[in-house]
Amino acid sequence: MPQQHRPGRRARRASASPLFTPHGTDRASRRAARKQLAEAEAKARAAAAVHGTEPAEAQMPTPTYPSSGRSGAASARGSVLRLPAHRMTTAVAAGAYPFLAEGGLGADGIYIGRDVHAEAAFTFDPFTLYGKVEGFTNPNVLLAGVIGQGKSALAKSFALRSVAFGYRVYVPCDPKGEWTPVAQALGGTSIALGPGLPGRLNPLDAAPRPPSVPEADWAGEIRKRRLLLLGSLARTVLGRDLMPMEHTALDIALDGVVKAAAHAGRTPLLGDIAHTLAQPALLDQAAGTVSGHLGDAARDLAHALRRMVHGDLAGMFDAPSTVAFDPNTPMLSIDLSRLGGSGDDTGLVLAMTCASAWMESALTDPRGGRRWIVYDEAWRILRHPALLQRMQAQWKLSRGLGIANLMVVHRLSDLLSAGDAGSQGRALAEGLLADCSTRIVYRQETDQLHAAAALLGLTSVETEAISHLSRGRGLWKVAGRSFIVQHLLHPAEQHLFDTDARMH
Ligand SMILES: Nc1ncnc2c1ncn2[C@@H]1O[C@H](COP(=O)(O)OP(=O)(O)OP(=O)(O)O)[C@@H](O)[C@H]1O
Ligand SMILES: [Mg+2]
């Protein structure tokens with residue numbers, strides 16, 4: 001009988017070898033062992049033929065299908081396999097298939113697109129989730145992704161779609177000018193700033209006092225904000241921390257200017273501060289009993305602030321504001337696209353800071369309703385710890401005011417560029433990240449995956465996923481829960497948000 005027709009033989013051939021020989025056994029011994037085995041098997045078969053029993057291994061079930069597989073419905077080919085549908089609740093599915101199937105966040109909020117794993121619609125509203133989802137401690141959102149993945153498109157969809165819910169949208173700095181058409185389409189306003197343009201914003205404008213805050217407390221609050229802004233601007237231009245005497249000089253100059261401006265019945269200006277700092281005698285006199293010569297110590301400061309007044313930003317932030325803040329407009333954006341044309345980024349970053357300071361101070365009314373503040377291209381600011389500090393102070397305030405911040409960066413390592421491990425800049429950036437309960441990660445470059453995984457605590461599956469995301473598709477980490485969401489654009493949105501137009 002030919003060997004292949006004997007089922008016992010065929011079953012054995014499927015595995016490597018039925019005989020185990022320890023490592024290091026020489027060939028002669030192995031051959032002898034094989035011979036012994038073959039003889040034992042032949043003997044067993046002969047015995048079985050006499051007694052009518054099969055050896056145990058020959059009784060094992062062996063595959064009986066041809067190599068082409070089963071035929072008919074059981075072949076699972078050509079969609080002929082029919083299994084009864086198994087139904088379960090999403091909560092059970094989430095337990096059975098963690099990460100693949102999420103329980104969902106509920107149906108409240110604006111429609112974003114499709115939850116890729118659950119094959120369901122995905123909606124999101126940070127204000128609704130606040131207090132409803134465990135660990136969702138704030139409404140802020142961080143959005144990270146490489147160029148052209150659709151980050152701005154998602155932010156604009158947030159804006160456009162949440163206006164229908166009565167939310168207002170503020171874009172304090174739009175370095176590409178891409179938000180202007182969106183603001184116009186929504187019946188909002190856009191303020192363009194740049195050399196030769198008539199728009200002016202005074203970042204030292206005082207915010208209107210909320211009725212619940214006593215007058216004296218509010219004056220202190222405004223002073224604190226102005227000092228924070230001035231300190232941040234000076235530190236950014238100087239590229240270093242301020243000396244103690246420089247802090248004092250800034251304090252004293254600000255107090256003097258505010259007093260003089262109140263006397264004259266106008267608002268203080270950056271130019272007034274720069275002017276005071278540039279007059280050593282005036283500062284020394286105002287400082288009174290402070291030891292040392294403040295005037296000399298303030299020399300660097302005076303030059304730093306001079307840039308805001310006479311440098312590339314001349315006029316823009318050193319004059320009374322030409323626009324009054326209208327709290328009822330559905331959307332307001334500040335277009336800075338005319339700035340930053342030269343290679344140096346600092347001018348644009350300083351302008352972003354002044355513009356944000358102006359807008360944020362106008363948003364202090366707790367009765368202003370729910371508002372989005374969108375920091376598109378925020379990665380530029382993240383490199384300057386001084387500006388980060390100002391931003392973080394603002395974020396802390398915004399939570400009590402019903403404001404959700406949306407910060408758009410390229411890489412998560414942008415957050416790390418604020419300083420070395422343990423430095424103040426790094427601590428600030430990590431604080432900002434901790435203040436974002438929602439993190440949306442669009443595609444990241446391969447060399448960024450490690451940093452992203454470490455910063456966000458991603459699982460290996462999630463890390464793998466973010467390196468393969470296509471345009472408009474992101475990993476959403478909402479208070480530790482994960483979703484892969486495809487953002488869907490309406491054709492009208494696609495037309496309005498198109499930033500690729502010039503590429504076609
Ligand atoms: N979900 C989407 N479906 C289809 N097209 C999209 C989607 N999201 C974005 N786009 C298109 O992709 C282009 C680039 O998008 P967008 O400007 O939002 O990218 P970005 O990530 O903000 O880029 P950058 O980093 O340069 O600012 C736009 O023209 C936009 O219309
Ligand atoms: Mg963009």
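Modeller: Let's start with residue classes: Ala, Val, Leu, Ile, Met, Phe, Trp, Tyr, Cys and Pro count as nonpolar, Asp, Glu, Lys and Arg as charged, and the others, Gly among them, as polar. Keep in mind that this is a predicted model.

Colleague: Okay, how do the residues of the shell around ligand 1 divide by class?

Modeller: Nine are polar, four are nonpolar and four are charged. In total, 17 residues surround ligand 1, the closest being Gly-150, Ser-152, Ala-153, Gly-472 and Thr-499.

Colleague: Which helix gives the most to that shell?

Modeller: That's α5, with three residues. Both α5 (151-163) and α20 (491-497) supply at least two residues each.

Colleague: On to the sheet. What is the order of its strands?

Modeller: Reading across, you get β2-β1-β11-β10-β9-β3-β8-β7-β4-β6-β5, an open sheet of 11 strands with mixed pairing. At the edges, β2 (120-124) and β5 (189-192) each have a single partner strand, so one side of each has no neighbour in the sheet. From one strand to the next, the twist averages 25°.

Colleague: Which way do β4 and β7 run, parallel or antiparallel?

Modeller: Parallel, with three bridges joining β4 (residues 168-174) to β7 (residues 371-375). Look for Val-169, which stands opposite Trp-372 in β7.

Colleague: And at what angle do α9 and α12 pack?

Modeller: Helix α9 (residues 270-277) meets helix α12 (residues 299-310) at about 150°, with the axes 9 Å apart. Angles over 145 degrees count as roughly antiparallel, so that's what α9 is to α12. The crossing is left-handed. Among the residues making the contact are Ile-273 and Leu-277 of α9 and Leu-305 and Arg-306 of α12. By class, the contact has nine nonpolar, one polar and one charged residues.

Methods:
Residues are numbered from 1 along each chain as its sequence is written. Chains are lettered from A and ligands numbered from 1 in the order in which they are written. This is a predicted model: local features need pLDDT of at least 70, side-chain atom pairs count only at pLDDT 80 or more; totals for chains, interfaces and linings use all residues. A residue is near a molecule or strand if its C-beta atom, placed from the backbone, lies within 6 Å of it. Helices (H or I, at least four residues) and strands (E, at least two) are DSSP runs, numbered from the N terminus. Two strands pair if DSSP finds at least two bridges between them. Axes are lines fitted to C-alpha atoms, for helices over the stretch in contact, and angles run from 0 to 180 degrees between N-to-C directions. Angles under 35 degrees count as roughly parallel, over 145 as roughly antiparallel, 65 to 115 as roughly perpendicular and the rest as oblique. A crossing is left-handed if the near helix is turned anticlockwise from the far one by less than a right angle, and right-handed if clockwise. Two residues are in contact if their C-beta atoms, placed from the backbone, lie within 7 Å.
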